[in-house]
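User: Hi, I'm new to reading protein models. Could you walk me through some features of this one, step by step?

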Amino acid sequence: MAQFNKDLVNHILQKCDNLTLEKQTTREHGRFLADKSYAFDTMFFVCRYIQYFRFGDRFMRAPEERDRENQYITDLFGLTPGSSQVRNYFTEALALLRFVNAVEKDGPNYRIIDDDILEIFSSSFENAYIFLYLLCYKVFHNDNIWHYYVDFCKATTLKDKQAAYDRYRAEYIKHDVRVKNKSKRWAIFTPKYPMVVLNYANRQNMVARTGAVSKKTVNRFDISLNTEGTRSNYDMPKKNSYLQDMSESYIIQSLRGYLTFSPHIEPVTYSDSISIDIADTKLLMLAERYNITVRRKSQGGKYRYNNGVKTRTVHGEFRGGLLKKTPHVCPICGFKYEDFLIASHIKPYAKCEDTYDAMNPNNGFLMCPVCDKLFESANLITIDASTGNVIYSQSIENEDDFQYLHNRTIPFDYIDCERRHYLKWHNELFRRKHRN
């Protein structure tokens with residue numbers, strides 16, 4: 001294991017050194033894991049947002065800021081707009097950040113008091129999960145609950161695991177001040193969240209909100225929220241393929257010594273997940289939409305694994321989709337040398353409504369460098385959404401180099417689909433720019 005990982009683990013353990021279930025309160029100190037905050041992707045995406053839109057050591061939450069938060073969460077998690085669950089992603093993530101002393105409440109806003117924790121959470125999916133695991137590990141040790149968890153892991157039959165879980169839950173409830181004097185329902189599902197977090201790295205059984213232990217082993221989809229389910233917006237497909245990029249070898253290597261078993265030592269395979277690019281693309285969209293100038297662009301760099309490689313990006317996924325779905329030729333001039341073909345957006349990233357638009361191959365063409373330059377931002381040409389005719393600016397009408405644009409029409413197959421929707425936007429932009 002790289003020394004980098006060991007140092008990171010020690011750093012996180014120090015951050016969690018004095019945290020206990022009994023010290024938490026909803027009003028003053030935030031709270032331990034809840035329905036949304038136990039998921040590594042929630043914490044990653046929320047902390048990346050906070051780092052992007054913070055103002056110095058302040059994170060503002062006026063009504064317009066909350067509206068922006070809701071748009072961010074709705075898009076990234078594919079939720080139904082206006083769902084009552086949307087706001088809980090930020091609410092519960094901020095409650096956990098208060099619990100670990102990363103932020104403190106300041107009226108309707110928050111003051112950032114430990115930037116390091118935000119940096120760790122926002123650096124990668126893997127580090128977000130490692131922080132959550134070590135947080136549970138440290139809290140359980142501080143509250144003398146850890147040995148109950150070890151007993152659960154050592155149990156070899158489902159019946160014994162259920163009995164061990166019931167003992168663990170009874171002890172957990174004694175310490176969790178939120179559960180005391182609350183409804184029975186809280187006492188049933190609250191102990192589940194840290195158990196599921198720990199069970200992923202320890203390759204243990206899934207536990208339901210009812211407290212029932214199942215035969216199924218916890219996987220990465222069980223510790224994330226960006227999965228298919230009742231909260232999904234079925235009009236928009238889930239953009240969660242990046243969950244497959246999460247490096248289990250990096251996680252296991254980082255946590256060895258804090259697991260309930262001795263893992264086989266395997267080389268770390270790790271790449272910067274496309275999740276970073278997806279999050280930053282959405283943040284750019286929001287900054288553009290709300291006309292916000294953001295100076296803080298780089299996040300979590302010092303906590304990324306130093307041997308990692310970036311294998312996928314939003315633009316790479318967009319280009320890959322175009323190569324799969326359209327001919328490898330510029331539809332305007334017929335240029336065919338694939339290495340020089342550019343994946344050209346019709347509606348640019350920053351103008352898109354959501355990341356689905358940004359990655360949708362129907363929002364673009366493969367173009368030669370010259371046509372791409374002419375088409376970009378409707379500067380000099382557009383393509384009629386109804387007919388496929390190339391429409392050009394009068395400023396280049398008599399230029400010898402652009403005579404090939406005259407009477408040019410692209411194949412109808414290019415516009416007989418969702419692409420027409422984006423071209424209508426491009427046509428209108430062209431008309432506004434060339435009205436005179």
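This is a predicted model: local features need pLDDT of at least 70, side-chain atom pairs count only at pLDDT 80 or more; totals for chains, interfaces and linings use all residues.

User: What about sheets? In what order do the strands of the open sheet lie?

Analyst: With a sheet, ask who sits beside whom. Here three strands run in the order E1-E3-E2, with antiparallel pairing. Strand E1 (58–59) and strand E2 (103–106) are at the edges with a single partner strand each, so one side of each has no neighbour in the sheet. E2 pairs with strand E3 (residues 109–112) over four bridges, and Val-103 has Ile-112 in E3 as its bridge partner.

User: Which helix lies across E1, E2 and E3?

Analyst: That's helix H4 (residues 86–99), which runs at about 115° to E2.

User: Is strand E9 covered or uncovered on its two faces?

Analyst: For a strand, check each side separately. In E9 (residues 364–367), Gly-364 and Leu-366 are buried on one side, and Phe-365 and Met-367 are buried on the other, so both faces are covered. E9 also pairs with strand E8 (residues 342–345) in the antiparallel sense, over four bridges. One of the links there joins Ser-344 to its bridge partner Phe-365.

User: How do I describe two helices packing, say H3 and H12?

Analyst: Give the angle, the distance and the residues that meet. H3 (residues 63–76) and H12 (residues 274–289) pack at about 145°, with their axes 11 Å apart, and the crossing is right-handed. Among the residues meeting there are Arg-68, Tyr-72 and Leu-76 from H3, and Ile-278, Lys-282 and Arg-289 from H12. The contact's residues split into six nonpolar, one polar and four charged.

User: Last one: where is Cys-352, and what does it touch?

Analyst: Find its place in the chain, then its surroundings. Cys-352 is in the loop between E8 and helix H14 (355–359). Its relative accessibility is 1%, so Cys-352 counts as buried. Leaving out residues up to four places away in sequence, Cys-352 touches Met-285, Arg-289, Lys-347, Asp-357, Ala-358 and Asn-363.

Definitions and conventions. Residues are numbered from 1 along each chain as its sequence is written. Side-chain values use heavy atoms; hydrogens and water are left out. Axes are lines fitted to C-alpha atoms, for helices over the stretch in contact, and angles run from 0 to 180 degrees between N-to-C directions. A crossing is left-handed if the near helix is turned anticlockwise from the far one by less than a right angle, and right-handed if clockwise. Contact means heavy atoms within 4.5 Å. Ala, Val, Leu, Ile, Met, Phe, Trp, Tyr, Cys and Pro count as nonpolar, Asp, Glu, Lys and Arg as charged, and the others, Gly among them, as polar. Buried means under 20% relative accessible area, exposed over 50%, partly exposed in between (1.4 Å probe, protein chains only). Two strands pair if DSSP finds at least two bridges between them.
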